[in-house]
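I opened this notebook to record how the parts of the chain pack against one another. The entries follow the order in which I looked things up.

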Amino acid sequence: GSPLKYIFGISNAMEGEEMNFEKFELPPLKVMVLAIHASAQKLNANVSVEKVMDKVDEFLEEHSVMELFTIFIELLKIGRYLPEDAEVVEE
């Protein structure tokens, strides 16, 4: 299956064809940081993982983990790992 199932804990949250959102898990912070780092490398940013972690720490001083998760989701959409909202509605 898709590695995204494991990143989001979807495999644990599935009950038959339905998803139990109470069992849904946010990905670990390290996974989100590594995805942000990989995205920066695609832009030839040549930024170290440590620098990205420092920037994420700064971000989290003023924002929530849920806001970071929103950015993480947007990166997955831009990378075409997740469909855009409009694509989901059309299906």
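This is a predicted model: local features need pLDDT of at least 70, side-chain atom pairs count only at pLDDT 80 or more; totals for chains, interfaces and linings use all residues.

Entry 1, helix 3 and helix 4. I began with this pair and found that the axes of helix 3 and helix 4 come within 9 Å and cross at roughly 115 degrees, where axes are lines fitted to C-alpha atoms, for helices over the stretch in contact, and angles run from 0 to 180 degrees between N-to-C directions. Helix 3 passes helix 4 in a right-handed crossing; a crossing is left-handed if the near helix is turned anticlockwise from the far one by less than a right angle, and right-handed if clockwise. On the side of helix 3 I listed Leu29, Val33, Leu34, Ile36 and His37, which meet Val49, Val52, Met53, Val56 and Leu60 of helix 4, contact meaning heavy atoms within 4.5 Å. Sorted by class, this contact has 9 nonpolar, 1 polar and no charged residues (Ala, Val, Leu, Ile, Met, Phe, Trp, Tyr, Cys and Pro count as nonpolar, Asp, Glu, Lys and Arg as charged, and the others, Gly among them, as polar).

Residues are numbered from 1 along each chain as its sequence is written, and side-chain values use heavy atoms, with hydrogens and water left out.

Histidine 37 and valine 49 are 12 residues apart in sequence, and their C-alpha atoms are 6.1 Å apart in space.

I then turned to helix 3 (residues 29-42) and helix 5 (residues 65-78), which pack at an angle of about 45 degrees with their axes 10 Å apart. That angle makes helix 3 oblique to helix 5, since angles under 35 degrees count as roughly parallel, over 145 as roughly antiparallel, 65 to 115 as roughly perpendicular and the rest as oblique. The crossing of helix 3 and helix 5 is left-handed. Helix 3 contributes Leu29, Val31, Met32, Ala35, Ile36 and Ser39 to the contact, and helix 5 contributes Val65, Leu68, Phe69, Phe72 and Leu75. By class, I read 10 nonpolar, 1 polar and no charged residues there. Valine 31 is partly exposed at a relative accessible area of 27%, and its C-alpha atom is separated by 9.4 Å from that of phenylalanine 72, 41 residues apart along the chain.

How many salt bridges does the structure hold? The structure holds 1 salt bridge, defined as a side-chain nitrogen of Lys or Arg within 4 Å of a carboxyl oxygen of Asp or Glu. The side chains of glutamate 58 and lysine 55 meet in it at 3.8 Å, N to O. Both residues lie in helix 4 (residues 49-62), 3 residues apart, about one turn of the helix. Glutamate 58 counts as partly exposed at 45% relative accessibility, as does lysine 55 at 44%.

Buried residues make up 21% of the 91 residues in the protein chain.

Technical notes:
Helices (H or I, at least four residues) and strands (E, at least two) are DSSP runs, numbered from the N terminus. Buried means under 20% relative accessible area, exposed over 50%, partly exposed in between (1.4 Å probe, protein chains only).
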